[in-house]
Amino acid sequence: MRRLHYANGYLITPDAVSKAVLRYARALADAHTSDVVTIPILGEGGAVTTAHVLLGPASQLFSTHVADSIGEFTDAALVADLEERTRRIEPSTVAWPDEMTDIGLDAEELQEPYAG
């Protein structure tokens, strides 16, 4: 589970969804456009619900690991849809590893120039 920090708060969402949202947000920002996505989140009282998130060039998103979270829930169809939307905008973007880690960057990543 990840906290997807957005505006003045955060949403708790599955790792795969958080990763797909961040990748799509990056592609939208590079293309100077925006979109609204509906993602599954952990709501009040531990219920799984949805949130509508505006993504665009001005979106300031980041995610952090949630310790001691409940079991993982996800939406594979949503993740596939977001990944397809991302590929349509940026077909040549280098893929991220399958899982986000909170360990840090390896030596090779530290030597790559910042492309932001």
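This report covers the salt bridges and nonpolar cores of a predicted model.

## Basis

In this predicted model, local features need pLDDT of at least 70 and side-chain atom pairs count only at pLDDT 80 or more, while totals for chains, interfaces and linings use all residues. Residues are numbered from 1 along each chain as its sequence is written, and side-chain values use heavy atoms, with hydrogens and water left out.

The structure holds five salt bridges. The term means a side-chain nitrogen of Lys or Arg within 4 Å of a carboxyl oxygen of Asp or Glu. Side chains of opposite charge can pair when their charged atoms come close.

Helices (H or I, at least four residues) and strands (E, at least two) are DSSP runs, numbered from the N terminus. Glu 83 is buried, at 13% relative accessible area. Arg 23 is buried too, at 10%. Here buried means under 20% relative accessible area, exposed over 50%, and partly exposed in between (1.4 Å probe, protein chains only).

## Pairs along helix H2

Arg 85 and Asp 81 form a salt bridge, with closest N and O atoms 2.9 Å apart. They are four residues apart in H2, about one helical turn. Both are partly exposed: Arg 85 has a relative accessible area of 23%, and Asp 81 has 28%.

Glu 84 and Arg 88 also meet in a salt bridge, at 3.6 Å from N to O. Both lie in H2, four residues apart, or about one turn. Glu 84 is partly exposed at 33%, whereas Arg 88 is exposed at 58%. Salt bridges with shared partners link Asp 35, Asp 81 and Arg 85 into one network.

## Nonpolar cores

A nonpolar core is a set of buried Ala, Val, Leu, Ile, Met, Phe, Trp, Tyr and Cys residues joined through side-chain atoms within 4.5 Å. The largest has 19 residues. Val 21, Val 37, Ile 39, Leu 55 and Leu 82 have the most contacts inside it. H1, strand E3 (35–42), strand E4 (48–55) and H2 each give two or more residues. H1 supplies the largest share, seven residues.

Leaving aside residues up to four places away in sequence, Ile 39 touches residues including Leu 4, Val 17, Val 21, Val 53 and Leu 78. Contact means heavy atoms within 4.5 Å. A second, separate core has five residues, among them Met 1, Leu 42, Val 66 and Phe 73.
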